[in-house]
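Biologist: Could you put the model up, so we can go through a helix and a strand together?
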Amino acid sequence: MKIAVPIKFVPDLVEELTIDPSGTALDTTWLRLIINELDDHAVEQAILLKERSGGEVTVLSAEADGVDDFLFTAAAKGADRLIKLTGDFSAADNHALGRAFADVIKELQPDLILTGVQAHNDLDGSVGPLLAEYLGLPYVGYVAGIALDGNKVVARKEYAGGLVAEVEVKLPAVLGIQAAEQPPRYVAYSKIRQVMGTAKIEERPVSNLESSGGVVVGRLFQPEVAERATMLEGSPEDVADKLVGLFKELGTL
Amino acid sequence: MSQDIFVVIEHLRGQVADVSYAMLAGARQLSKASGGEVVAVLLGHNAQGLASNLAADRVLYVDHPALAEFTSDAYQIVLAGLIQEHAPRAVLFGHSSIGMDLASSLSARLGIPVVNSCRTFTDDGKFVSQICGGKIMAEGNLPSPALATMIPGGYKAEEGQSAQTPPLTAVSAPALDNLRVAVKQYIEPDTSDVDISKEKMLVSIGRGIQNKDNIELANELADALGCAVSASRPVVDQGWLPTTRLVGKSGKHVKPKIYLALGISGAPEHVEGMGESEVIVAVNTDPNAPIFNIAKYGTTIDMFDLLPVLIEKVKQAK
Amino acid sequence: MEITLSPLSPSVTKTFYTSLFDLQDGERVRTCLQCGTCSGICPFGYIMKFPPGKIIGAIRAEIFDHVLKTDSVWMCVSCNACASFCPSNIPITRVLMTRTKEEMILAGNVPSELQAALENTQRYGNPLGESPRKRADWTLGLQPEVNILGKTRQPVDVLWYVGDYASYHSRMQPATRALAKILNALGVNFGILGPEEYSDGDSQRLAGERGLFEMMAQKNGQVFRKYKFNQIITTDPHAYNALKNEYPALGVEYPVQHYTQFLFERIEQIKPLLKNEIKAKVAYHDPCYLGRVNGIFDEPRALLSAIPGVELVEMSHQRINSLCCGGGGGGMWLDGFQWEKAHTRLSEWRVREAVAVNTQILAVACPYEPPRFEDATKTIQAASQLKVREIAELLAESMDL
């Protein structure tokens, strides 16, 4: 079983995001990038599958600050191959990224491709289904749990309200991961450092990044910051009346 | 290209998802800008009854046994054909387990741009998308044509419901052979305890509840409201509520419509799990409690004075 | 206790055992008398399947792999009580318990709360997962402005290594500001590193993440080398311990004092400034890494005694026999785990002790403690009137700062 896991780095929300003077992009001065959390789950799921049934896990990412460390960490956890796409990804949208991944993944000929079902900065669609379409493969998203079964997999697809569908998908296929079967594991820093000395990151230059998503942002803005609470004054009766009114207004009563 | 706005109706096990109604409301606003009609696109098997309360100008209905359960594969084939044939101004999908299996794939297949996470549209045909965990909104002209996924919050479901059944046109399905995706079975949610992350409202209690017996008050209020009781760390640590009810860093992350925080100070560890709630209402006798910094409404009335009155009034209001 | 005798992995034991000998005084493990003092004095020894003495017993029985199969070592708060009372002077905490935790982490047996703190440290340089940019936010509004060395690039006499919790934790920030005001009142020429400061890493080391600790030490060392200063002071006893006892072996060596030592040296200058009376019985809690590990017992007490109105009283556990607040050795990030196992908190025991000697104020000198003890006063009914104060807060209050 060959598993490919394309991942993406996104702005870290721990830092306050600011908008650059053009008004259409995030200010990158203080921007810190971090692995898209669901992609981290996809890596974990791939390693779990490998541990269970054997196989080879390849993790792929476009180059960005911190990507090397992440790839080495993935290797320390059990990934076999690390591939970094190099080039100027600063203006690449998800369509471009999906195409770039598709070109590299075609050569790998994986049986299964796992990626996070979404990222918080997706605007022109999500990488997983775009990639699936460029590769001509079926796609099932919101997956939390995978069982291998010969030339197909049974994916646990999550719906709102806790309903789960067991969905059979013919391989090769792309699955959008909502959660790995167990949270991403911890790997001691000493192990990562060891891997840094031995593992190799294969670089694949990407020259022709076609941002064909076609979504043009006119402006970015921050939603109004919540002010300090409006204090409800009066007797317990008054306050209770106001709360009941509020519950009705918001449709919870 | 027509000026119609298509809405792909999401339904599962005989129920139309709320997001579909909200999308119809969003489509209505877009149709005003475009001058076209709102067209509900319903795929299923013996499912035409689901169209009865859709606030759409008309319904395109595709019936096929292979559409009895949602699968990305069959839906994509049918929708690709419909979109190519009718060339609508825009097609709306839910930003959900169903819609997200479709929108991006169709974008790549048909070469039509897709805009994710639209919360609202403007009267002049712009999309307003919520990105970066709600910290940033992105606005732009909705490409023409466009596909879009919609998140809840921008439109109310009621706005997309109608007492009148819209006219329905049955469209024959294309060949649906060699499908690669099939639903084997559904697994019901574990109902041994409520999943507080899925509740619309939470009555959440903190240290201020003081002792185990007082939890009955919170239960009574939650019962009257038809919602669940959750708690901050100290309450769960005391064993007064099971860990399934814990909100916070080491517990569940919740974002209900209303989070009623009773006697919760608002420590960062707790806020991490509930800060994204739509409306936080805080009841705390300490006017300096940090919970008031993130709450929309607050009161310093003692919860033990407030709760009995509130429970009565909620019961009356039902 | 049920121990299945097969399968045995004596090689696991042997590798582990010999690895102890590479550490300073590690070979002393061989001198263990199996007297059980360590397991008895350990605050959580009664809950551990393998308290320290039994770990050594398991090594001798070549069944150390059984120790790794239980998670009881995560009850260890690295308070060093075991080592302080061991008649054979075995460095139990630093060597045996810490190495055992390292093995647990290498085996991937890490409670999720601890994992989050370690990942945060790796990613942000602090276990709280806060933005490094905001590390000096506690200084906002202080006058005169606190000198952040990366901005001013002025040489200073004292580099104040503020530390994680003193920088970020909302309960600690007032105490941190209080210390800044005291330093200003004393005319100390000091600066901080602000966003360039990394976690000292000592608690991560004692939680078994040696590699992460070394990475933090290297990063802090690089930053220290950028600036000119004569000495370092720390708010946090754990940072003090790291800088004094651990960093030098990694090539990062500077004269360092805990702030209570630094202020004690200036006590004659401070005394006339202590104007406001604080009329209260005050009990001082010896932080493990200030007192028991580094022998600083008298300076904090002298500072407290200098405050007019303060009547210093002692709790039943004091000085070398002090009782850990529960935050050390990773305990700060294992609250849920330890609660599940013990259904009690060390901070609650300590607060009960404070109440038992009729104190109004529990004075502390470690940034882990105000939040932990204050939390405990809310669950222990008898402690509802007990106030928890950093020594710096009490001094600043008396100095009217």
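Modeller: Here it is, and please keep in mind that this is a predicted model. We could begin with helix H6 of chain A, residues 236-249, which has 14 residues and reaches 20 Å from its first C-alpha to its last, close to the 20 Å expected at 1.5 Å a residue.

Biologist: Which residues in H6(A) are buried?

Modeller: Val239(A), Ala240(A), Leu243(A) and Phe247(A) are buried in that helix. Seen down the axis of H6(A), its buried residues fall within an arc of 100°, so they line one face of the helix.

Biologist: What does the face of H6(A) turned away from its buried side carry?

Modeller: That face carries Lys248(A) and Glu249(A), which are exposed.

Biologist: And what covers the buried residues of H6(A)?

Modeller: The cover includes parts of chain B, namely helix H4 (215-225), strand S15 (258-262), strand S16 (279-283), strand S17 (297-299) and helix H8 (303-317).

Biologist: Which residue just after H6(A) takes a positive phi?

Modeller: That is Gly251(A), with a phi of about 75°.

Biologist: Switching to strand S6 of chain A, how many of its residues are buried?

Modeller: Five of the five residues of S6(A), residues 112-116, are buried, so the strand is largely enclosed by the rest of the structure.

Biologist: Which strands do bridges join to S6(A)?

Modeller: Strand S1 of chain A, residues 2-7, runs parallel to S6(A) and is joined to it by two bridges, with Ala4(A) standing opposite Ile113(A). Strand S10 of chain A, residues 173-177, also runs parallel to S6(A), and five bridges join the two; there, Thr115(A) has Gly176(A) as its bridge partner.

Conventions: Residues numbered from 1 in each chain as written. Chains lettered and ligands numbered in written order. Predicted model: local features only at pLDDT ≥ 70, side-chain atom pairs only at ≥ 80, totals over all residues. Buried ≥ 20, exposed ≤ 12 C-beta atoms within 10 Å, placed from the backbone. Helix = DSSP H or I, 4+ residues; strand = E, 2+ residues; numbered from the N terminus. Pairing = 2+ DSSP bridges. Expected span 1.5 Å × (residues − 1). Arc of directions from axis to C-beta. Contact = placed C-beta atoms within 7 Å.
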